[in-house]
Amino acid sequence: MHWKKVIAPIVITAILVAVLVIYLISLLYIPLPLSMRMIVFVILLALIGVQIFVLVERIQEIRSGEEDDLSKY
């Protein structure tokens, strides 16, 4: 595997997930109605899940040797 090409997506994903987790924790301290908190909580969890899914796809692309997504178009 090309580790140098995998490091950047992992770092970016880790930073984004950390920021989203900080937002999740901040929901405890923001005075919002419970329904609004639940909606924001679900949205943030979905964003975390999508980001991890995209990371896994990107690592698979790097492993398969297709490093340039623009070559498909």
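Modeller: The protein chain contains two helices and zero strands, where helices (H or I, at least four residues) and strands (E, at least two) are DSSP runs numbered from the N terminus. The model is predicted, so that local features need pLDDT of at least 70 and side-chain atom pairs count only at pLDDT 80 or more, while totals for chains, interfaces and linings use all residues. Residues are numbered from 1 along each chain as its sequence is written, and side-chain values use heavy atoms, with hydrogens and water left out.

Helix α1 covers residues 3–26, and helix α2 covers residues 34–64. The two pack at an angle of about 175°, their axes lying 10 Å apart; axes are lines fitted to C-alpha atoms, for helices over the stretch in contact, and angles run from 0 to 180 degrees between N-to-C directions. The angle makes α1 roughly antiparallel to α2, given that angles under 35 degrees count as roughly parallel, over 145 as roughly antiparallel, 65 to 115 as roughly perpendicular and the rest as oblique.

Contact here means heavy atoms within 4.5 Å. On the α1 side the meeting residues include K5, I10, T13, L20 and L24, and on the α2 side they include F41, L47, Q51, L55 and I62. In the protein chain, 56% of the contacts with a separation of 6 or more are between residues 24 or more positions apart.

L20 is buried, with a relative accessible area of 8%; the term buried means under 20% relative accessible area, exposed means over 50%, and partly exposed is in between (1.4 Å probe, protein chains only). Not counting residues up to four places away in sequence, L20 touches L44, L47 and I48. The C-alpha atoms of L20 and L47 are 8.0 Å apart, although 27 residues separate the two in sequence. T13, also in helix α1, is buried at 6% relative accessibility. Leaving aside neighbours within four places in sequence, T13 is in contact with Q51 and L55. I10, again in α1, is partly exposed at 37% relative accessibility. Beyond residues up to four places away in sequence, I10 touches L55 and I59, and its C-alpha lies 9.6 Å from that of R58, 48 residues away in sequence.

R58 also takes part in the one salt bridge of the structure, which pairs R58 with E61 at 3.1 Å between the closest N and O atoms. The criterion is a side-chain nitrogen of Lys or Arg within 4 Å of a carboxyl oxygen of Asp or Glu. Both partners lie in helix α2, three residues apart, about one turn of the helix. E61 is buried at 19% relative accessible area, whereas R58 is partly exposed at 25%.

L32 lies in the loop between α1 and α2 and is partly exposed at 33% relative accessibility. Of the 73 residues of the protein chain, 18% count as buried. The chain exposes about 5700 Å², of which carbon and sulfur atoms supply 75%; accessible areas come from the Shrake-Rupley method with a 1.4 Å probe, and for residues only the protein chains shown count as cover.
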